[in-house]
Amino acid sequence: METRLRLYGGSRECHLRRRYGVGEKEFQELLAEPGGVCAIRPRPDPEHLDHDHRTGWVRGILCFNCNGGLGQSRDSPDSLARAITYLRGTTWQRVLIHPGVFQMCSPTRGRPPSPRS
């Protein structure tokens, strides 16, 4: 513990340097780029440094859920694109049919919720 404090200024700085090759200063610079919010969704106070698991390169700062989502998809653009296609095909959409008039368009798949839910 003393060594971390002496060499790095604290355990967070030590973790960032050893694991990702960046320090707290670089972390704060990355966080400032999207305005202090998650780089994917505009959620405040993201605290997870995202990196490419294949190359190790740092990509940005994400919230817990976005960072986990990328990890669960194994950083696969194809998987994420299929997820988007799936959501678009199963989520009711508002469609403009006349200025100021919208109609809910039914999804191509899916069922309405049961009366109990």
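Good morning. Read along the sequence, this protein follows the pattern α-α-α-β-β-α-α-β-β, which comes to five helices and four strands. Helices (H or I, at least four residues) and strands (E, at least two) are DSSP runs, numbered from the N terminus. The model is a predicted one: local features need pLDDT of at least 70, side-chain atom pairs count only at pLDDT 80 or more, and totals for chains, interfaces and linings use all residues. Residues are numbered from 1 along each chain as its sequence is written, and side-chain values use heavy atoms, with hydrogens and water left out.

I begin with the overall figures. Of the 117 residues, 22% count as buried; buried means under 20% relative accessible area, exposed over 50%, and partly exposed in between (1.4 Å probe, protein chains only). The accessible surface is about 9400 Å², and 54% of that belongs to carbon and sulfur atoms. These areas come from the Shrake-Rupley method with a 1.4 Å probe; for residues, only the protein chains shown count as cover. Among contacts (heavy atoms within 4.5 Å) with a separation of 6 or more, 19% are between residues 24 or more positions apart.

Let us turn to helix H3. Which residues of H3 are buried? In this helix, residues 24-32, they are Phe 27, Leu 30 and Leu 31. These three cover an arc of only 100° around the axis, which puts them on the same side of H3; the arc is that of the directions from the helix axis to the C-beta atoms. An α-helix has 3.6 residues a turn, so residues three or four places apart point the same way. Cover for the buried residues of H3 includes helix H2 (11-20), strand S1 (48-51) and strand S2 (58-62). The face turned away from the buried side carries the exposed residues Lys 25 and Ala 32.

Helix H2 also holds Arg 19, which is exposed, with a relative accessible area of 54%. The C-alpha atoms of Arg 19 and Gly 56 are separated by 9.2 Å, although these residues lie 37 residues apart along the chain.

Next, the loop between helix H4 (64-72) and helix H5 (77-90) contains Ser 73. Is Ser 73 buried or exposed? At 14% relative accessibility, Ser 73 counts as buried. Leaving aside neighbours within four places in sequence, Ser 73 is in contact with Ser 79 and Leu 80.

Finally, Val 95 lies in strand S3 (residues 93-98) and, at 36% relative accessibility, counts as partly exposed.
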